[in-house]
Amino acid sequence: MGILDEQRSLCEDLERLEQACADRILEEPKSTRERLTRDHQIAKFVDRFQQQSARLLETQADRDGARQKEVDSLSSKDPFEEFYRQLGQIKDFHRRYPNEPVENLERAYKRRQATDGEYVSEIDTMFTGEEAHGKFFDLTKNHEDYLNLPGVKRITYLSYLSLFDKFDKFACNQKMNDKYFKYVSALAEYLESFLSRTRPLENPEGIVEQTGEDFEKAWVEDNVAGWGKSEKGSDDIGPREEVMRVPEAELYCDVCLKGFKNNNVFEHHFNGKQHKKAVAKRAEGSVENGEARKAGGSSGAASRLKDKAIAEREWRIVKLTEIMSKERDETMTNVERKQSLTERERQMELDALYEENSANPNLEAEAHTDDENDEEKIYNPLKLPLAWDGKPIPYWLYKLHGLGVEFSCEICGNFVYMGRRAFDKHFNEYRHTYGLRCLGITNTTLFREITKIDEAQRLWEKLENDKKKTKMANETVEEMEDGQGNVMPRKVYEDLQKQGLL
């Protein structure tokens, strides 16, 4: 292929890529999965557009003079001679490689069916089940790594989601170990990966690069929180002194890097073998540090580099979490919601999600594009609910079930339920029970048919007061004892005495 023909092919490829991106931008995805499929396709097209543009500019520069030589041969010589020469080269190439496939640019960028495209399967395998196609974080593995760090408290996954980007809870000597470095590195890598998978069109590489540049500037100006030079002496080449305290509820040993909740255990552990070994190891390290100071303090520079590596990862985690604060809040809400579901409700949710993912997203598009098989629009002026066949239910059935009657529930956030059946059913659903729990009501079975917040609160106060009165009455019952030593309430004693049984 000549240089000019190659340039023409590149220009054609650029035009088709531009048209393919425009076609996909005009689409309106109906789910997160379809949106991610579209965005990743556009991102790949943009990358190819940049590569082809670079190739076109390279050929246009004509550094070796091959393009100018071809232009001169076409303008000075017989054009038919040059044409037949290139035609002979093409025939000779296909004679030597008869099975070489021909690139079809029109088909390469055409929107393919879900069963034939490679992007759908890529999206399905790109996220874990917990991430739900990029809606939520999946930090369960990072939570386990956090719990295995020395000197940290055991917290729930929900609590971890609210503080995984807060590093002021760690003491400085807790950060100077390999476990902590691996933990923050894995967490930063996950957040970068999640950003690139969920926002491919927002230049995730540029965001990460800008974060690194901001950190370098802050590090030079000594503005990184918790890692300032003033917090570490100039002649200190060992682990930094503790600036930030561990939680007050724990007794922490700086040598063993371990926390204790019991004061007796904390005092007795000083006589243990493990503590003595740690003290000896630290003493050896102190001798080595002293020699390093005499040699010129090269170990201090190495320690500062390690500080910078840890601080850079912490900085990256904080900045990326700020960018994806919406996903973080939704993850916390989802985890809290799942904790309140029963096993049956969780299984139903998984089944619905599987049906949604297994559905073909192109069926509806094909139905709209096929004009020959389109049915007439359904006439439904009364906006009746649709039956299993997609047609409105009869009006008499609509009136029989009272589907036109609206029932609002203030506890559910003034949500309106159509029909008595849906209204009765919602008292056992998550929306209503969650609203009652927000009001401080735990026993939800006694609050059926109550939809007002003030009524529910007054009833709960009455139940609590009655419970207190009953408890006080039971505590103040006067007891009597008969001649045989049997203890009974005063009223029972008097009744038996009147009957002559005592």
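**Notes on the predicted model**

1. Tyr84 is exposed, at 54% relative accessible area (exposed is over 50%, buried under 20%, partly exposed in between, with a 1.4 Å probe and protein chains only).

2. Numbering runs from 1 along each chain as its sequence is written, and side-chain values use heavy atoms, leaving out hydrogens and water.

3. Phe137 sits in the loop between α6 (118-126) and α7 (140-147), and is buried at 0% relative accessible area. Leaving aside residues up to four places away in sequence, Phe137 touches a set of residues including Tyr157, Phe164, Tyr190, Phe194 and Arg328 (contact is heavy atoms within 4.5 Å). Phe137 and Arg328 are 191 residues apart in sequence, yet their C-alpha atoms are 6.7 Å apart.

4. No disulfides here: the count is zero (a disulfide needs two cysteine sulfur atoms within 2.5 Å). For Cys409, the closest cysteine sulfur is in Cys412 at 3.5 Å, which is too far for a bond. Cys409 is buried, at 0% relative accessibility, whereas Cys438 is exposed at 54%.

5. UniProt lists residues 407-438 as "domain: Matrin-type", in an unreviewed entry; such annotations may be inferred rather than shown by experiment. In the model that stretch is 47% helix and 22% strand, with its end C-alpha atoms 21 Å apart.

How values were computed:
Predicted model: local features only at pLDDT ≥ 70, side-chain atom pairs only at ≥ 80, totals over all residues. Helix = DSSP H or I, 4+ residues; strand = E, 2+ residues; numbered from the N terminus.
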